[in-house]
Amino acid sequence: MEGQNGKVGIDSKGNLYFDRKYIEDMESSHLKGVLAHEVLHLAFQHLIRKEKRNMTAWNIATDLTINYMLKENGFQLPKCLMPEHHYSKGWIYKINTDIT
């Protein structure tokens with residue numbers, strides 16, 4: 001569904017929202033990574049499992065976890081979605097346990 005302002009997102013019902021210009025300008029390898037990222041939010045039920053957690057902290061933690069998994073499996077993401085510092089499994093685990 002078109003309508004996201006400069007980004008891509010998915011809701012808990014599986015509806016994908018996107019900004020057409022944003023995805024048209026994206027390299028195909030990055031688009032695959034972005035779509036995989038959104039599908040994993042749905043597969044891991046992140047919007048349902050958020051419960052009463054802080055939305056900002058939850059979103060950052062789940063994004064970092066998904067990006068780490070995608071990177072480890074050879075997916076590419078646009079630089080704006082993948083900070084330059086190195087992710088480690090321990091660091092990702094700590095982020096996720098700190099917000100629960």
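This is a predicted model: local features need pLDDT of at least 70, side-chain atom pairs count only at pLDDT 80 or more; totals for chains, interfaces and linings use all residues.
Me: Is Gln45 buried, partly exposed or exposed?

Reply: To place a residue in one of these groups, one needs the cut-offs: buried means under 20% relative accessible area, exposed over 50%, and partly exposed in between. Gln45 has a relative accessibility of 42%, so it counts as partly exposed.

Me: How many helices and strands does the protein have, and in what pattern do they follow one another?

Reply: There are five helices and two strands. Read along the sequence, the pattern is β-β-α-α-α-α-α. Of the 100 residues of the protein, 32% count as buried.

Me: How many salt bridges does a search of the whole structure find, and why can such pairs form?

Reply: Side chains of opposite charge can pair when their charged atoms come close. In this structure, the search finds two salt bridges. In one of them, the side chains of Glu24 and Arg20 meet, at 4.0 Å from N to O. In the other, the side chains of Asp25 and Lys21 meet, at 2.8 Å from N to O.

Me: Where do Glu24 and Arg20 lie?

Reply: Both lie in helix α1, which covers residues 20–24. They are four residues apart, about one turn of the helix.

Me: How does one read the span of helix α4?

Reply: One compares the reach of the helix with the span expected at 1.5 Å a residue. Helix α4, residues 55–72, has 18 residues. From its first C-alpha to its last it reaches 26 Å, close to the 26 Å expected.

Me: What is found at the start of α4, and what follows the helix?

Reply: At the start, a side-chain oxygen of Asn54 reaches to within 3.0 Å of the backbone nitrogen of Thr56. After α4 comes Gly74, whose phi is positive, near 85°.

Me: Which residues of α4 are buried?

Reply: The buried residues of α4 include Trp58, Ala61, Thr62, Leu64 and Tyr68. Let us take Thr62 as an example. Thr62 lies in helix α4, and its relative accessible area is 3%, so it is buried. A polar atom of the Thr62 side chain lies 3.2 Å from the backbone oxygen of Asn59.

Me: What is the volume of the largest pocket, and which residues are closest to its centre?

Reply: The largest pocket has a volume of about 540 Å³. It is lined by 23 residues, and the closest to its centre are His37, Glu38, His41, Asn59 and Asp63. The elements that give two or more residues to this lining are β1 (8–10), α2 (28–43), α3 (46–49) and α4. Among these elements, α4 gives the most, with eight residues. By class, the lining of the largest pocket divides into eleven nonpolar, eight polar and four charged residues.

Me: How many cavities of 30 Å³ or more are found, and what lines the largest cavity?

Reply: The idea to hold on to is that a 1.4 Å probe fits in a cavity but cannot get out, whereas a pocket is open. In this structure, the search finds one cavity of 30 Å³ or more. The largest cavity has a volume of about 40 Å³. Its lining consists of Asp11, Ser12, His41, Leu42, Gln45, His46, Leu47 and Ile48. The elements that give two or more residues to this lining are α2 and α3. The largest share, three residues, comes from α3. By class, the lining of the largest cavity has three nonpolar, four polar and one charged residues.

How values were computed. Residues are numbered from 1 along each chain as its sequence is written. Side-chain values use heavy atoms; hydrogens and water are left out. The expected span of a helix is 1.5 Å times one less than its number of residues. Buried means under 20% relative accessible area, exposed over 50%, partly exposed in between (1.4 Å probe, protein chains only). A polar contact is a pair of N or O atoms within 3.5 Å; within protein, one must be able to donate a hydrogen and the other to accept it, and residues adjacent in sequence count only if both atoms are side-chain atoms. On a 1 Å grid over the protein atoms alone, a cavity is a set of points where a 1.4 Å probe fits but cannot get out, and a pocket is an open set with protein on both sides within 12 Å along at least five of seven lines; lining residues have an atom within 4 Å of a point. Grid points are joined across faces, edges and corners, and a volume is the space filled by probe spheres set on the points. Ala, Val, Leu, Ile, Met, Phe, Trp, Tyr, Cys and Pro count as nonpolar, Asp, Glu, Lys and Arg as charged, and the others, Gly among them, as polar.
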